Amino acid sequence: MPLTFELCPGRMIGGDHPCFIIAEIGQNHQGDIEIAKKMIKMAKDCGADCAKFQKSELECKFNKKALEREYNSVHSWGKTYGDHKRHLEFSHDQYRELQKYAAEVGIFFTASGMDEMAVEFLHELNVPFFKVASLDANNFSYMEKTAKKGRPMVVSSGMQSMETMRRVYKIVKEHNPNFTILQCTSSYPVDPKNVNLNVISEYQKEFPDIPIGYSGHETGISISIAAAVMGAKVIERHVTLDKTWKGNDHSASLEPAELKELVRCIREVEMARGSSIKEMLPCEKACHAKLGKSVVAKVKIPKGTVLTQDMLAVKAAEPMGIAAEDLCKMVGKTVTEDVEEDDSVMPEMVKGYCANKKC
C-alpha cells in the first residue's frame, strides 16, 4: 500500500507532497446556503485545499426516538432534535448547487457521509474522497461498504481505541489501498491536555504504509501547526465566519484570519522541515566566510618544524586556513615554510596535509 496516493484529482498526499488542509464547514452554515457559499469562498481565499460539509439522511442516522426528543439547548434550531437537524440539513439539490459553486471557486468539495445512505448519495455526487467521521470509525459494516466503493478515504479516530483502529486499518486495506487515518479527540473545544498528538507518532509506527493526519477541535492554531511538524499529511479544522454564532461547533472553529494564518504557518513549516541531510548550505557560506574558524599559529613556527598541538590555535582568521576540525590531523606533520605567530596555517604549508585531503 502506498505512502502516497491521489486524494483528489491531481492532488497527491503523503511523502513530500504538501499537507492537505481541509476546512470543515460541517453545519456551521446555520442552514443557510448563501452562508455556506460564503464559507466555501472563504476556505479558498484562506488557502485551504478542500471545503467539507456533513451529509446525513436523518432517518438512517437516527432512530425515531432520537429525532423526537425535546432539544432545549441554546444552540437548538427547533423544539425537537429532529427539527434542529432538519434545519441544518441541505437537500440533494442544494448539495449539487454547492458542489458546482466550489468548482467555480476552484476548491475541492466533499462531505462526511454520516450514514450509509448519505455515503450512497455522495458516491452518486462523485465526491473526490469519502470522509469518515469519528462516530462511524467503529461501524465496521459501514467501513467495509464505504471502502468497497473504491474512492479514497479519510478516517477520523475520535472516541476509538488503538485496537479498534487496527481493525479499521485491516478492513479498509482489504478493499481500498488509498486511505489515511487522522488522530482526533472528539471534544468541542478540546483541552490541550486531551489532544494527544503523540498518537500521530504511534499511528506512523503502527501503520507505516499509509499517510497519517490530524483532525483538531482545539482553539487556536498552535497545536495544528505542531501536528504538521510531526508529519501530519492531512489536517482538518472546523471553520466559521463568527465564533459567537449559535451552534456547538463554532467555539472550536477557526475564523477566516485564523485559518489563513494556519495555512501560512503550515506551508512555512513544510519548507522548514526541508532535507534530512546535514551539510553546509549555500546560504551559510557567507557567514562561514566571515566567522568560520580555522587553524592559526599560536607561536612562530620555523620551516621544517614538526607540529605539536600546543603550537596551534583555532580562530576566525583572514585568510581562512585549514579547517578547525582538522587541527589534530596536523600533529606530527612538518611545515614547509615559516609561519608567523597568529598567521593562518594554510594547507600548502603543511607537508602531507593535502595528500590526506581531497584538495
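Trainee: Where is Pro319 found?
Mentor: Pro319 sits in the loop between β12 (312-316) and α13 (327-330). This is a predicted model, and the peptide bond from Glu318 to Pro319 is cis in it, with omega near -5 degrees.

Trainee: Which residues does the other cis peptide bond you have listed join, and what is omega there?
Mentor: That bond joins Tyr188 and Pro189, with omega about -10 degrees. Pro189 belongs to the loop between β8 (179-184) and α9 (198-206).

Trainee: Why is Asn126 called exposed?
Mentor: Exposed means over 50% relative accessible area. Asn126 has 52% relative accessibility, so it counts as exposed.

Trainee: What is the phi of Met159, and why does Met159 count as exposed?
Mentor: Met159, also not a glycine, has a positive phi of about 70 degrees. Its relative accessible area is 60%, which is over 50%, so Met159 is exposed. Met159 is located in the loop between β7 (153-156) and α8 (162-175).

Trainee: What makes β1 and β2 a pair?
Mentor: Pairing needs at least two bridges between the strands. Three bridges join β1 (residues 5-8) to β2 (residues 11-13), so the two strands pair. They run antiparallel, and Phe5 stands opposite Ile13 in β2. Their hairpin has two residues between the strands, and Gly10 takes a positive phi near 80 degrees there.

Trainee: How much of the chain counts as buried?
Mentor: Buried means under 20% relative accessible area. Of the 359 residues, 49% count as buried.

Trainee: How do you know where empty space is left?
Mentor: A probe the size of a water molecule is rolled over the atoms, and this shows where empty space is left. In this model the largest pocket holds about 610 Å³ of space.

Trainee: What lines the largest pocket?
Mentor: There are 34 lining residues, and Gln54, Met114, Tyr188, His238 and Asp249 lie nearest the centre of the pocket. The elements that give two or more residues to the lining are α4 (81-88) and β10 (234-238). Of the elements, α4 gives the most, with four residues. By class, the lining has 11 nonpolar, 16 polar and seven charged residues.

Trainee: Which residues does the label "domain: AFP-like" cover?
Mentor: The label comes from an unreviewed UniProt entry and covers residues 294-353. The end C-alpha atoms of this span lie 14 Å apart, and the span is 7% helix and 15% strand.

Definitions and conventions:
Residues are numbered from 1 along each chain as its sequence is written. This is a predicted model: local features need pLDDT of at least 70, side-chain atom pairs count only at pLDDT 80 or more; totals for chains, interfaces and linings use all residues. Side-chain values use heavy atoms; hydrogens and water are left out. On a 1 Å grid over the protein atoms alone, a cavity is a set of points where a 1.4 Å probe fits but cannot get out, and a pocket is an open set with protein on both sides within 12 Å along at least five of seven lines; lining residues have an atom within 4 Å of a point. Grid points are joined across faces, edges and corners, and a volume is the space filled by probe spheres set on the points. Ala, Val, Leu, Ile, Met, Phe, Trp, Tyr, Cys and Pro count as nonpolar, Asp, Glu, Lys and Arg as charged, and the others, Gly among them, as polar. UniProt positions are given in the numbering used here, feature names are shortened, and annotations may be inferred rather than shown by experiment. Buried means under 20% relative accessible area, exposed over 50%, partly exposed in between (1.4 Å probe, protein chains only).
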